[in-house]
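Student: I would like to go through this structure step by step. Where should we begin?

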Amino acid sequence: MGRGGARGGSKVIIEPHRHQGIFIAKGKESMLVTKNLVPGESVYGEKRVSIEGGEEGVKIEYRVWNPFRSKLAAGVLGGMENLFIEPGTKVLYLGAASGTSVSHVADIVGPEGTVYAVEFSPRSGRDLINMAKKRTNVIPIIEDARFPHKYRMLVTTVDVIFADVAQPDQARIVAHNAHQFLKIDGHAVISIKANCIDSTAPAQAVFEREVDLLRGEMFKPLEQITLEPYERDHAMITGMSHCYER
């Protein structure tokens, strides 16, 4: 635990969150934060908080993780029991966009971990590549997540797949990548936007159908939460891969 200042001079106390690698900055208000892997640099204009470190004159910098801009942060604040993403983890991140959430995942896994960040859009991919120039534990991959064989030479076996691809066949996309890269008994964390999958069905029915699809793809569902109030008609689902032959 440490004390420090945010802009404006108010005192801030940093406490570890129950999820390893994530912290809470307590000042006038409580904020979710990650320890900045590249001190002095913000990625997307996010606020930063510095506290005094163990050694005199040494400051430790944290970055505010906004749940309205990150599904994963919304899942943490929504009470996810287990994210499976922690220091040293190898993560395959599908739907990396411009790297906003990926940068926080890079902070969490730290220098001993790796984030393989897959994004199809070349425009978002440019931002992702620029972010990865300084966060060297991020491997940006500008490819379509539906075709994991195209990047099989770039990705090793991973501990966790996080997916936020907003595609109707998201469960199949996750499964294809899992069969290629996920370790036996590894985990998947999936953000599901109901109207991307079926805009005519009630959100809960869509979520249940996705869970059934994952079961059919050798996943054991573990947990499901809503991402309200941060995201409407979104759920986050976790599952563990069963043992299968590659």
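Student: What span should the 12 residues of α4 have, and how far apart are its end C-alpha atoms?

Tutor: Note that this is a predicted model. The expected span of a helix is 1.5 Å times one less than its number of residues. For the 12 residues of α4 that gives 16 Å, which agrees with the distance between its end C-alpha atoms, 16 Å.

Student: Which residues of α4 are buried?

Tutor: Buried means under 20% relative accessible area. In α4 that applies to Gln 170, Ala 171, Ile 173, Val 174, Ala 175, Asn 177, Ala 178 and Phe 181.

Student: How many aromatic pairs does the structure hold?

Tutor: A pair of aromatic rings is described by the distance of the centres and the angle of the planes. Rings count as a pair if their centres lie within 6.5 Å. The number of such pairs in the structure is four.

Student: Why is the pair of Tyr 93 and Phe 162 classed as it is, and what is the class?

Tutor: Planes under 30 degrees apart count as stacked and over 60 as edge-to-face. The ring centres of Tyr 93 and Phe 162 are 4.8 Å apart and the planes stand at 55°, so the pair is tilted.

Student: Which parts of the chain does the pair of Tyr 151 and Phe 181 link?

Tutor: The rings of Tyr 151 and Phe 181 are stacked, at 5.7 Å centre to centre and 20° between the planes. Both residues are buried. The two are 30 residues apart, and the pair links the loop between β9 and β10 with helix α4.

Student: Is Val 38 buried or exposed?

Tutor: Val 38 lies in the loop between β4 and β5. Leaving aside neighbours within four places in sequence, Val 38 is in contact with Glu 61, Lys 134 and Arg 135. The relative accessible area of Val 38 is 16%, and the cut-off is 20%. Val 38 is therefore buried.

Student: Which residues are closest to the centre of the largest pocket?

Tutor: The largest pocket has a volume of about 410 Å³. Its lining has nine nonpolar, six polar and eight charged residues. Of the 23 lining residues, the closest to the centre are Gly 95, Ala 96, Ala 97, Glu 119 and Asp 164.

Methods. Residues numbered from 1 in each chain as written. Predicted model: local features only at pLDDT ≥ 70, side-chain atom pairs only at ≥ 80, totals over all residues. Heavy atoms only, no water. Phe/Tyr/Trp six-rings, centres within 6.5 Å; stacked < 30°, edge-to-face > 60°. Helix = DSSP H or I, 4+ residues; strand = E, 2+ residues; numbered from the N terminus. Buried < 20%, exposed > 50% of the residue type's maximum accessible area, 1.4 Å probe, protein only. Contact = heavy atoms within 4.5 Å. 1 Å grid on protein atoms, 1.4 Å probe; cavity = no way out; pocket = protein on both sides within 12 Å on 5 of 7 lines; lining within 4 Å. Points joined across faces, edges and corners; volume = space filled by probe spheres on them. Nonpolar A, V, L, I, M, F, W, Y, C, P; charged D, E, K, R; others polar.
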